Amino acid sequence: MTAVRVRVPAKVNLALRVGGTDEQGYHRLGTVFQAVSLGDEVVADDAPAGEFRLVFNGEGAGFLPVDDTNLAIKAAKLLATRFGRTDVGVSLLIRKRIPVAGGMAGGSADAAAVLVACTALWGIDADREELHRLAAELGADVPFLLMGGTAIGTGRGDVLTPIMSSGTFHWTLALSHTGLSTPAVFREFDRLSEPQDTEIPVALLEALRAGDAAAVGASLVNDLERAAISLQPTLARTLELGLAAGALGAIVSGSGPTCAFLAGSDAHSHELAEALAVFSGVRAVRRAFGPVPGAQVLS
Ligand SMILES: C[C@@](CO)(OP(=O)(O)O)[C@H](O)COP(=O)(O)OP(=O)(O)OC[C@H]1O[C@@H](n2ccc(N)nc2=O)[C@H](O)[C@@H]1O
Ligand SMILES: Nc1ncnc2c1ncn2[C@@H]1O[C@H](COP(=O)(O)OP(=O)(O)O)[C@@H](O)[C@H]1O
């Protein structure tokens, strides 16, 4: 079989409401995910049976683990084990653009892409539901990166319902110099706040359906934002700068520290990028649009 190439998006949480914890310490969530065009690419090629290799280029190359602790290797091994395929191996190349530990679900995206790539490479007959189950075992965000588009996530964020969204939304993303650990941000949330009700603002759902970017911008909400800012105080300044430059809305993406700014057009997202790039608290700026599809085979 020739190599399989898969593209996978990152995500932004347009709403992230955080409730109490379940028996395993996971928080109940009410979230609205949007898949965005800043994505990774995974190339999966044959390797001898039992060999699982991984190489990165781009974001994180050189410091991300490439052993069994990497979610991409975990995904390949889980798929092989669950389908009883002791005859397979894989050589993975990940071209990484999603910031590492940035609140955009980069590791989860790679895991979703590997599930899709290895299913094709190994000729496994798995339907979307079986892949969704494996994805949820790998992490709360992984199922959404398989699905893409725009969806409400409940439970741990892994129970998904696709929702209507019209038009294209333009984003400017401000990346931080250092990442934030998701468990650390949830712990800080627990320290600072009472669990919230996990209801998603109706105004956000209506604005998405209407494709009204200004109304979407006004209804963005993230219950983890205060905790992320507490751990990385410069984020408050980054958010202020984007709003002062005319962003329709500004939010920390998921557990952070990437800040997402909603623009009115592609040209507007360029202007926001220029305004944010000069701030020393910002390592780099990226532009993206959404919604886009989930993990997809390209060749
Ligand atoms: C916060 C969110 C918002 O979409 O994403 P990020 O912004 O980190 O990408 C997600 O809930 C993150 O999902 P994901 O990164 O897949 O989390 P997992 O690997 O399953 O869990 C990592 C850790 O985060 C905490 N966790 C995660 C999900 C959840 N609903 N409650 C939690 O308390 C737990 O401490 C868990 O051990
Ligand atoms: N394929 C991967 N890409 C990125 N990070 C990974 C990957 N596999 C494991 N990780 C680990 O997961 C942690 C969280 O990374 P990531 O998924 O990028 O962030 P977030 O959960 O904030 O969206 C990183 O610190 C990294 O060590």
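M104 sits in the loop that links strand 4 (90–96) to helix 2 (106–121). Helices (H or I, at least four residues) and strands (E, at least two) are DSSP runs here, numbered from the N terminus. This is a predicted model, where local features need pLDDT of at least 70 and side-chain atom pairs count only at pLDDT 80 or more, while totals for chains, interfaces and linings use all residues. Residues are numbered from 1 along each chain as its sequence is written, and chains are lettered from A and ligands numbered from 1 in the order in which they are written.

Is M104 buried or exposed? M104 counts as buried because it has 31 C-beta neighbours inside 10 Å. The cut-offs are 20 or more other C-beta atoms within 10 Å for buried, 12 or fewer for exposed, and partly exposed in between, with C-beta atoms placed from the backbone. Leaving aside neighbours within four places in sequence, the contacts of M104 include A10, K11, V12, S253 and T258; a contact means that the C-beta atoms, placed from the backbone, lie within 7 Å.

Step along to G106 and you are in helix 2. G106 is buried too, with 30 other C-beta atoms within 10 Å. Beyond its neighbours within four places in sequence, G106 touches A10, D40, K96, I98, P99 and V100. An unreviewed UniProt entry lists a "binding site" that includes M104 and G106; its positions are given in the numbering used here, feature names are shortened, and annotations may be inferred rather than shown by experiment.

Four strands make an open, antiparallel one in the order 9-10-7-11; two strands pair if DSSP finds at least two bridges between them. Strand 9 (249–252) and strand 11 (282–290) are at the edges with a single partner strand each, so one side of each has no neighbour in the sheet. On average, neighbouring strands are turned by 20° against each other, direction ignored. Strand 7 (residues 169–176) and strand 10 (residues 259–263) pair over five bridges, and A174 stands opposite C259 in strand 10.

Two helices lie across these strands. Helix 10 (residues 266–277) lies across strands 7, 10 and 11, at about 15° to strand 7. Axes are lines fitted to C-alpha atoms, for helices over the stretch in contact, and angles run from 0 to 180 degrees between N-to-C directions.

Stepping back, the protein chain has ten helices and twelve strands, and buried residues make up 52% of its 299 residues.
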